Amino acid sequence: MLIGQGFDAHRFAPGRRLVLGGLEIPHDLGLIAHSDGDVLIHALCDALLGAAGLGDIGNHFPDTDDAYAGIDSRILLRQVIASLSERGLSVHNADMTIIAQQPKLAPHIPAMREILAADLGCDPARVNVKATTMEHMGFTGRGEGIAASAAVLLIEDA
Ligand code: MG
């Protein structure tokens, strides 16, 4: 078994979509990024790449490459899963935390789990997503952006 962890943060800006865990969430602000800004999927990709000893999302999908401008982060996630599968690795489980003061995310979590489980190739019961605030402290607490962390366990195919 191989364990990995990932972390990411993005800043809010008006006029952008808010996409978290592959799900578009109604909000007056979205996250600035070269891609669609899905901070949760970025943290998850880093955890997966980390567990496999494959560096990080920036090595694989550079933000200087126009091919990734505005890209759906689920495409990146599926590419990461494909490279793990080439190495005989599958996801045993994943556990993630979104750190955001706003918007309220609890109602969206079941849908995020379904979406991520489909891309990870495992049962939604093995894909946990949590959300917390920072009690108005720090950059997420001031509503400047959203952060996310992820932990994964990979298993080597028999
Ligand atoms: Mg990112």
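**Labels and their grounds**

Modeller: This is a predicted model. Start with R142, which has a relative accessible area of 55% and counts as exposed.

Biologist: Why is R142 called exposed?

Modeller: Exposed means over 50%. R142 is at 55% relative accessibility, so the label exposed applies.

Biologist: What makes E144 and R142 a salt bridge?

Modeller: The cut-off is 4 Å between a side-chain nitrogen of Lys or Arg and a carboxyl oxygen of Asp or Glu. For E144 and R142 the N to O value is 2.7 Å, so they form a salt bridge by that cut-off. E144 itself is at 32% relative accessibility, so it counts as partly exposed.

Biologist: How do you know that R17 forms a salt bridge with E24?

Modeller: Their closest N and O atoms are 2.9 Å apart. R17, at 47% relative accessibility, is partly exposed. E24 is partly exposed too, at 45%.

Biologist: What does the salt bridge of K130 with D95 tie together?

Modeller: The closest N and O atoms of K130 and D95 are 2.7 Å apart. K130 lies in strand β6 and D95 in strand β5, so the pair ties together parts 35 residues apart in sequence. K130 is partly exposed at 33% relative accessibility, and D95 is partly exposed at 31%.

Biologist: How many salt bridges does the structure hold?

Modeller: There are 5. R74, R78 and D119 are linked in a network of them.

Biologist: What makes the phi of E135 worth a flag?

Modeller: Most residues other than glycine have a negative phi. The phi of E135 is near 55°, a positive value in a residue other than glycine. E135 sits in the loop between β6 (127-132) and α5 (138-141). At a relative accessible area of 59%, E135 is exposed.

Biologist: And what is the phi of H136?

Modeller: Near 65°, again positive in a residue other than glycine. H136 is in the loop between β6 and α5. H136 has 59% relative accessibility, so it counts as exposed.

Biologist: Is the peptide bond from Q102 to P103 cis or trans?

Modeller: Cis, with omega near -10°. Most peptide bonds are trans. P103 lies in the loop between β5 (89-99) and α4 (109-120).

Biologist: Which residues lie nearest the centre of the largest pocket?

Modeller: H34, H42, I57, F61 and D63, out of 13 lining residues. The volume of the largest pocket is about 230 Å³. By class, its lining has 6 nonpolar, 5 polar and 2 charged residues.

Methods. Residues numbered from 1 in each chain as written. Predicted model: local features only at pLDDT ≥ 70, side-chain atom pairs only at ≥ 80, totals over all residues. Heavy atoms only, no water. 1 Å grid on protein atoms, 1.4 Å probe; cavity = no way out; pocket = protein on both sides within 12 Å on 5 of 7 lines; lining within 4 Å. Points joined across faces, edges and corners; volume = space filled by probe spheres on them. Nonpolar A, V, L, I, M, F, W, Y, C, P; charged D, E, K, R; others polar. Helix = DSSP H or I, 4+ residues; strand = E, 2+ residues; numbered from the N terminus. Buried < 20%, exposed > 50% of the residue type's maximum accessible area, 1.4 Å probe, protein only.
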